[in-house]
Amino acid sequence: QKTQNVNNHTNFTRPSNIQRPPPNHQPHKRMITSRTTILRRVSTRNSWIARRNFSTDASYFERKAALKQQRIQVFMDRLHKNDERKKRRHDSPRDIMKQEFREWWEKRRSHEDSLVRRAKQAKKDWQIQVAVVLERLPIILDDVADWEKEFDELKAYLAQFGKEYPKELVPQRTAPALVTNEELLAELPPNFRPASRETEADHSGELNTLDRKLKNRVFLLLDDGKGSWRFPESSVEEGESLQETAKRIVQEQVGKDLDLYFPSCSPSAVLVKREEKGEYFGTKKFFIRVQYDEGKLSKGLNHGWLDRDEIVGTVEDDEDTMFYHYLL
């Protein structure tokens with residue numbers, strides 16, 4: 001016979017004289033709204049309506065239409081404010097140079113993409129070339145602008161004033177006198193005078209010297225014998241990387257005793273040209289930037305050191321003018 005196992009459990013009952021505590025739940029305080037709070041909200045709403053020139057006698061749909069019109073006006077004001085932020089001081093538009101570059105780049109990229117598609121359709125390869133952009137960094141600082149001179153004068157003038165402390169605590173300092181550049185040059189020794197910022201090569205127009213255009217970057221170009229200038233360039237041989245080709249070009253066409261610095265192994269730009277040469281559909285010329293440190297060029301090298309404006313002025317193809325402008 002089966003027996004029921006109670007496991008010694010006892011059913012306890014709560015005494016009737018002990019009350020159950022209320023649940024730990026409080027109503028949301030937004031639900032507890034006094035009469036004073038309601039009146040305050042009503043008065044605030046009425047004043048809000050009055051500030052917007054709303055008539056309390058207007059119907060619900062009239063007030064709704066007026067609020068909608070006001071929201072539209074706020075949105076239009078916000079759009080107008082965002083448009084004003086796009087302009088600098090004196091109402092000059094922003095990002096002019098960026099927009100010009102984008103317009104030029106989008107047009108050129110679409111043209112190069114079309115050439116790549118045509119090469120695939122013709123089942124022809126591209127001839128890979130490397131051009132070395134050998135540059136000499138500026139030797140001196142650029143000329144100081146007029147606003148920079150005025151700012152320096154203002155700082156020197158304000159430096160005369162400072163906090164005043166009791167003489168017993170801090171010794172009184174003497175205010176520095178304003179000194180102009182002409183007065184500083186007059187105080188130099190008689191045999192010491194600063195060199196001119198323009199050299200003889202700048203006045204004579206000599207191009208095959210590094211002693212010119214000291215304020216700008218100048219780039220090495222070679223005379224191709226046809227009255228035009230070109231960068232040192234050559235085709236990539238089998239098994240060579242772009243940087244190895246650039247080093248070979250410098251050794252063969254520029255000079256062997258040069259200390260150069262390669263900022264990056266990646267090219268700065270690539271120029272795609274449609275020039276059918278036998279089995280090739282065209283050329284892809286990669287420009288490798290190299291910085292000149294010191295050393296001598298090869299003897300008898302017909303070369304010139306030109307800055308960006310001079311190089312852009314020598315480019316005959318109008319389509320490549322902006323390319324070299326942005327490259328350099």
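Q: Which residues are buried in helix α9?
A: This is a predicted model, where local features need pLDDT of at least 70, side-chain atom pairs count only at pLDDT 80 or more, and totals for chains, interfaces and linings use all residues. Residues are numbered from 1 along each chain as its sequence is written, and side-chain values use heavy atoms, with hydrogens and water left out. In α9 (residues 318–327), D320, T321, F323, Y324 and L327 are buried. Buried means under 20% relative accessible area with a 1.4 Å probe, protein chains only.

Q: What do the buried residues of α9 pack against?
A: They pack against α3 (96–122), β6 (269–273), β7 (280–295) and α8 (308–314). Contact means heavy atoms within 4.5 Å.

Q: How many helices and strands in the chain?
A: Nine helices and eight strands. They are DSSP runs numbered from the N terminus: helices are H or I, at least four residues, and strands are E, at least two.

Q: Which residues have the most contacts inside the largest nonpolar core?
A: V132, L134, V254, L297 and W305, in a core of 18 residues. A nonpolar core is a set of buried Ala, Val, Leu, Ile, Met, Phe, Trp, Tyr and Cys residues joined through side-chain atoms within 4.5 Å.

Q: And where does the largest share of this core come from?
A: From α7, with four residues.

Q: What does L134 touch?
A: Its partners include V218, F219, L220, V254 and W305, leaving out residues up to four places away in sequence.

Q: Which residues does the second core include?
A: That separate core has 16 residues, among them W104, L271, V312 and L327. L327 is also one of the buried residues of α9.

How values were computed:
Buried means under 20% relative accessible area, exposed over 50%, partly exposed in between (1.4 Å probe, protein chains only).
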